[in-house]
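Subject: Structure handover

Hello,

Here is the structure I promised to pass on. Please open it first; my notes on what turned up follow below.

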Amino acid sequence: MSEKMLVALDAMGGDNAPYAMIEGTVNAVNGNNNIKVVLVGKEEIISQELSKYKYNADQIEIVNATEVIETAEHPVAAIKKKKDSSMVVGLHLLKDKKVDAFVSAGNSGALLTGGLGIVGRIRGIERPPFGALFPVRTGVCLMCDSGANVDVRPSHMVQFAQMGSIYMEHVLGIKNPRVAIVNIGAEEEKGNALVKETFPLLKECEGINFIGSIEARDIPEGYADVIICDGFVGNVILKLYEGLSSTLLSVIKAGLKSTVMSKVGAALALPALKKTVKSFDATKYGGAPLLGLNGLVVKTHGSAKAVEIENTILQCDMFKKQAINEKIKENLVLNKTKEEN
């Protein structure tokens, strides 16, 4: 395999495809000569869009795929029927080790189905979760699971905590990351059956820094580095978080423009306001990797724009350099084998 980081990108997946995907790709390779991106999709459309940019031709390649999996399609049926879709072709490139990572902003269910069926799980991993990074007051936090598995068992949640801890320590450099489980109160006896059964298992789990329950209102304060929950809860929290941030920003902007005095004040406060808003921009953290697969599969928002695509590509490079999959195999799967013996 080439020394360059090879990232396959689903150029046809997402609301802003292929324009945002191509712009983000060009920006990524122009800023890093150690990355090569393989754009997977309809070659004629991709070539036409690429002609608008200047870039090193050695760092971008096109692999033709004649079909597209749409957002509303049934995941399993789409993966089975559309063998020449940009998503399926890209996942096979990863499975065959022709690339180091595959990124898509397309159908989440299809990506999960394809990731499991084509790329496959690391042996011993029960349910790979989406691990989404998002900003908090103290820096950044990881949500596991953010939407891959809506129904899970306690043992799955423990693995989420283990993989999330490995990711945060080696990709973000957070030593001994604090792990918390989403709950409706801080007391151990609170919660639904899943939380009550998972809590003692997390307390007993070696290798993670479990600090107990966390309520949703405390997540933005940054009291924990890894947030554990099922995919239904995680996805609801994440989307509420994103929607609230966008709404607050709109309300603040409207308020600053409401009177002459507020406009004067806005002009003075603008530099500090921009800096604060930028620190809470989730797009700078890239996409959500599907942790626990035999290769790196990353999901970006369906509405992802060029900057998020660029950052996701760069995120893949860090994932490879830190050998996250290898660390999951060493630290998680070996521990599971010891327990079984």
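Pro 18 sits in the loop between strand 1 and helix 1 (19–31). Helices (H or I, at least four residues) and strands (E, at least two) are DSSP runs, numbered from the N terminus. A cis peptide bond links Ala 17 to Pro 18, with omega about -5°.

Some ground rules. This is a predicted model, where local features need pLDDT of at least 70, side-chain atom pairs count only at pLDDT 80 or more, and totals for chains, interfaces and linings use all residues. Residues are numbered from 1 along each chain as its sequence is written, and side-chain values use heavy atoms, with hydrogens and water left out.

Other backbone points

A cis peptide bond also joins Cys 144 and Asp 145, with omega about 20°. Asp 145 is in the loop between strand 6 and helix 6. Asn 176 has a positive phi, near 50°, and is not a glycine. Its loop runs between helix 6 and strand 7. Ala 323 is not a glycine either, yet its phi is positive, about 50°. Ala 323 lies in the loop between helix 10 and helix 11 (324–340). Ala 323 counts as partly exposed because its relative accessible area is 23% (buried means under 20%, exposed over 50%, partly exposed in between, with a 1.4 Å probe and protein chains only).

An open sheet is built from 5 strands in the order 5-6-9-7-8, with mixed pairing. Two strands pair if DSSP finds at least two bridges between them. Strand 5 and strand 8 (209–214) are the edges, each pairing on one side only. From one strand to the next, the twist averages 30°. Helix 8 (residues 231–256) packs on this sheet and touches strand 5, strand 6 and strand 7 (178–182). The direction of helix 8 makes about 35° with that of strand 5 (axes are lines fitted to C-alpha atoms, for helices over the stretch in contact, and angles run from 0 to 180 degrees between N-to-C directions).

Now strand 6 (residues 139–144). Of its 6 residues, 5 are buried. Strand 6 pairs with strand 5 (residues 131–136) in the antiparallel sense, over 6 bridges. The two form a hairpin with 2 residues between them. Phe 134 has Cys 141 in strand 6 as its bridge partner. With strand 9 (residues 226–228), strand 6 pairs in the parallel sense over 3 bridges. There, Cys 144 stands opposite Ile 228.

The cores

The largest nonpolar core has 59 residues, and Leu 39, Tyr 167, Ile 228 and Cys 316 touch the most other members. Such a core is a set of buried Ala, Val, Leu, Ile, Met, Phe, Trp, Tyr and Cys residues joined through side-chain atoms within 4.5 Å. Helix 6 (residues 154–171) gives the largest share of this core, 9 residues. A second, separate core has 43 residues, including Leu 94, Phe 130, Met 143 and Ile 214.

Around Met 5

Met 5 belongs to strand 1 (residues 5–10). Met 5 counts as buried because its relative accessibility is 2%. Not counting residues up to four places away in sequence, its contacts include Ile 35, Ala 101, Cys 316 and Asp 317 (contact means heavy atoms within 4.5 Å). Asp 317 is in helix 10 (residues 306–321). Asp 317 is buried too, at 9% relative accessible area.

Over to you.
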